[in-house]
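Colleague: I would like to learn how to read a few features of a structure. Please take them one at a time.

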Amino acid sequence: MQVVGKVSEKMGIDAYLVGGYVRDKLLNRPSKDIDILCVGNGIELAENVCREFKRCSGVTVFKKFGTAMLKTGDFELEFVGARKESYVRHSRKPKVEKGSLRDDLLRRDFTINALAVKIEEKGLGEWVDLFGGLEDLKHGWIRTPVDPAETFSDDPLRMLRAIRFATQLEFEIRDETFLGIQASSERIKIISTERITAELQKIMASDQPSRGFILLDKSHLLPHFLPEISALKGAEKKDGIGHKDNFYHTLEVLDRLAEKSDDIWLRWAALLHDVGKPKTKRFEKDHGWTFHGHEVVGARMVPRIFRRLKLPTGKEMKFVEKLVALHLRPISLTKEETSDSAVRRLLFDAGDHIEDLLLLCEADITSKNKEKVKRFLENYIRVRQRIKEVEERDRIRNWQPPITGDLIMETFGIKPSEKVGMIKESIKEAILDGEIPNDKKAAFELMIERGKALGLEPVDRVNKS
Ligand code: ATP
Ligand code: MG
């Protein structure tokens, strides 16, 4: 930092540490992007600073924004000249011009993000705290530096940022600011999906993501990008029988899972595990409320949600789909009389994701009755043991059935047809059911038998080894 101080003093311009880096330092949170604000030309300052560093990546200039970035060691320094922004109503593009330190701090989103500290050659200099940011940081408060209506209408993404900071830092959004969000929530419509999703991912990655979702709900922002989660809200009653509120249940599952895993996609699976419930909800005279097939319906909803939010649609999405689809399966394994075959089938279907699936199931136990929770969790210890035994013996995980379609066609001298699929499937089933051992010889014999039953004869293999 001294280097920046030395260079800026030599150039005769004032440079300040600002924004997230200052906030995080004061909160003792690790932070690697350093924002440097200077009253003057930020790009020139960056270039001069870079020359002074032994290890400097070179300066990347973003002309459009008047900013410059350089990397040194683990740190990323972003230089920006102080700006003044004025927004013209109905246009999202602000008019940007050079401004003073004060102008620049005024256009920042929250008081805790609008602190600045002067960088001098001898170290850090005076603090600039125009809006009581230090005090708010102490209390854990999120508050806009100017009228919330103005802050949020200038850039509606700030509403989501407020909720993200409240979740990430476990801060409280002050009433006036929160009322401002509620009043402006409709304006989130003009924000790009990418920016929304980036904030959503930070909420998901927090220690207690439920805090964010409760605020997203109360602020009326949630239905704009995750209506399926809003739809989980409410507990209907009929003939005196109610069901649990699936929104709060889902959030409890998400938090319980977040305690055990940082895997963002496993967290998404928790958020979406019951997403099919509203569509499958029925009231049955003899059974009360049911949600038959909600895991299948829910899994089918995953791709639409991922595409809409521009989340990755490759293996991450497949993983979430799979976990949603399978989330009820381990429950049946907790019953005393489960067969090895049921365990093998789950291992076959879940593959490498079996441990994640079990974590999800354990998080899904949200009864208020402590005794019940304890008992259910103990059941899963037994399930894990069972899985381990079966896996050690039968090695089903990541298993490929030993008989391929090619081998079937070659053996019986036939072309691709329905019969090939039937034989292949029946061998897989026989192994999973434990009718034959999981080895090639037994599978080959069964293939001949099943083929003959379908009227096929093995071709002469004398000349083949
Ligand atoms: P994080 O790095 O954890 O996302 P941050 O506060 O550092 O948090 P950045 O996006 O890195 O966020 O922005 C750096 C600083 O720029 C912020 O602290 C804030 O002062 C200002 N800022 C960023 N985005 C906005 C915005 N949409 N409106 C107003 N000020 C903003
Ligand atoms: Mg930052």
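Colleague: Which residues make a nonpolar surface patch of about 250 Å²?

Modeller: First, the ground rules. This is a predicted model, in which local features need pLDDT of at least 70 and side-chain atom pairs count only at pLDDT 80 or more, while totals for chains, interfaces and linings use all residues. Residues are numbered from 1 along each chain as its sequence is written, chains are lettered from A and ligands numbered from 1 in the order in which they are written, and side-chain values use heavy atoms, with hydrogens and water left out.

Modeller: A patch takes residues with over 30% relative accessible area and no salt bridge; like charges are joined within 9 Å, and nonpolar side chains (Val, Leu, Ile, Met, Phe, Trp, Tyr) within 5 Å. A salt bridge here is a side-chain nitrogen of Lys or Arg within 4 Å of a carboxyl oxygen of Asp or Glu. Areas come from the Shrake-Rupley method with a 1.4 Å probe, and for residues only the protein chains shown count as cover. In this model the patch is made by L26, W127 and L134.

Colleague: Where is W127 placed?

Modeller: Helices (H or I, at least four residues) and strands (E, at least two) are DSSP runs numbered from the N terminus. W127 belongs to strand β9, residues 123-128. Buried means under 20% relative accessible area, exposed over 50%, and partly exposed in between (1.4 Å probe, protein chains only). W127 has 40%, so it counts as partly exposed.

Colleague: Which cysteines does a disulfide join?

Modeller: A disulfide is a covalent bond between the sulfur atoms of two cysteines. The test is a pair of cysteine sulfur atoms within 2.5 Å. By this rule there is one disulfide, and it joins C50 to C56, with S to S at 2.1 Å. The torsion about their S-S bond is about -110 degrees, so the disulfide is left-handed. C50 is buried at 13% relative accessibility, whereas C56, at 23%, is partly exposed.

Colleague: What is M11 in contact with, leaving aside its neighbours within four places in sequence?

Modeller: Contact means heavy atoms within 4.5 Å. M11, found in helix α1 (residues 2-11), touches E44, L45 and N48 by that test. M11 and L45 are 34 residues apart in sequence, yet 8.0 Å apart in space, C-alpha to C-alpha. At 26% relative accessible area, M11 is partly exposed.
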